[in-house]
Amino acid sequence: MTQAAIIDGKARAEALRRRVAAEVAVLRAEHGVKPGLAVVLVGDDPASQIYVRSKGEQTLAAGMHSVTHHLSAAAAQEDVIALVRRLNDDPAIHGILVQLPLPPGLDSGAVIAAIDPDKDVDGLTVVNAGRLASGLPGLTPCTPLGCLILLRETLGDLGGRRAVVIGRSVLVGRPVAQLLLAADCTVTIAHSKTRDLPEVCREADILVAAIGRPEMVRGDWIKPGATVIDVGINRVPFRDPVKAAEGRTRIVGDVAFKEASRRAAWITPAPGGVGPKTVASLLQNTLTAARRIHGLGV
């Protein structure tokens, strides 16, 4: 039995960052436009701080303008929305990202709704969701965009392939299904109410798992030769009882990786698969937003 080839998200993300940096250099040289990304961080969540720092470093490395606005966890909702509106009006900013989750007491939906859709580089506004569903140009959520880029880089033309997406969240499941549909796949969205989920998954040439349940998708759910995109990032205790007793954890995806690797042709690891491509896709979205705002196509 063959072993699945690994879709190396780190290497492919680095290649995308290099392409974006080269395009940014051309944009600055030929049009005097320096794409700018503003990240709004509310509170002191350690994981969010790490993500925001990484985004800022990568934005600067790509030759873009980067700014982070850090508000207290006690910030009032009207203050967060007022900041977003100021960024909407700032000509140096082409992309706005509000780091989620927000602290308790803040309405993330209202904050996201305040973002100018043309600067919504996380693709979370209702306007951008509608544009995606209607096949109109817009800004696509970064993780689904990263998934689609990985699939196209791996498989080429996706037309006619049977795709199954497990998960129907507005962050990943629904938009990735829309992207696959636009790429001429035949798409099924599966979820917690799907009957005989394993059998549905076995029909998939492309299986995207975005359910947030550690190793839920077992190896015998995978169609032989399928391509598996595992979006899940789940922390679980170590199997080693000593390490587990120390409270140490490891990261696993939504797919049982070793089992699935015995049946799939291609598979993303977790970590090191979709995650790195997500941040690189944020840079791509910021570049796209800058071009569109200045009437330079895309």
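**Exercise 1. In which helix is S48 found? Work out its setting.**

*Solution.* Before starting, note that this is a predicted model, in which local features need pLDDT of at least 70 and side-chain atom pairs count only at pLDDT 80 or more, while totals for chains, interfaces and linings use all residues. Residues are numbered from 1 along each chain as its sequence is written, and side-chain values use heavy atoms, leaving out hydrogens and water.

Step 1: S48 is found in helix α2. Helices here are DSSP runs of H or I with at least four residues, and strands are runs of E with at least two, both numbered from the N terminus.

Step 2: With a relative accessible area of 4%, S48 is buried. Buried means under 20% relative accessible area, exposed means over 50%, and partly exposed lies in between (1.4 Å probe, protein chains only).

Step 3: Leaving aside residues up to four places away in sequence, S48 touches L41, Q99, L100 and P101. Contact means heavy atoms within 4.5 Å.

**Exercise 2. Locate D184 and D196, and look at their phi angles.**

*Solution.* Step 1: D184 is not a glycine, yet its phi is positive, at about 70°. This residue lies in the loop between α7 (173–182) and β6 (186–190), and D184 is exposed, with a relative accessible area of 56%.

Step 1: D196 is not a glycine either, and its phi is positive at about 50°. Look for D196 in the loop between β6 and α8 (197–201).

**Exercise 3. How do α2 and α11 cross?**

*Solution.* Step 1: The axes of α2 (residues 46–61) and α11 (residues 274–293) come within 10 Å and cross at roughly 50°. Axes are lines fitted to C-alpha atoms, for helices over the stretch in contact, and angles run from 0 to 180 degrees between N-to-C directions.

Step 1: The two helices, α2 and α11, are therefore oblique to each other. Angles under 35 degrees count as roughly parallel, over 145 as roughly antiparallel, 65 to 115 as roughly perpendicular, and the rest as oblique.

Step 2: On the α2 side, K55, Q58 and T59 meet V279, L282 and L283 of α11.

**Exercise 4. Describe strand β2 and its pairing with β3.**

*Solution.* Step 1: β2 (residues 36–42) is mostly covered, with seven of its seven residues buried.

Step 1: G36, A38, V40 and V42 point one way from β2, while L37, V39 and L41 point the other way.

Step 2: β2 pairs with β3 (residues 65–71) in the parallel sense over seven bridges. Two strands pair if DSSP finds at least two bridges between them. The bridge partner of V39 in β3 is T68.

**Exercise 5. Which strands stand at the edges of the six-stranded sheet?**

*Solution.* Step 1: This open sheet of six strands runs in the order β1-β11-β8-β7-β5-β6, with parallel pairing.

Step 1: β1 (5–6) and β6 stand at the edges, each with a single partner strand, so one side of each is left without a neighbour in the sheet.
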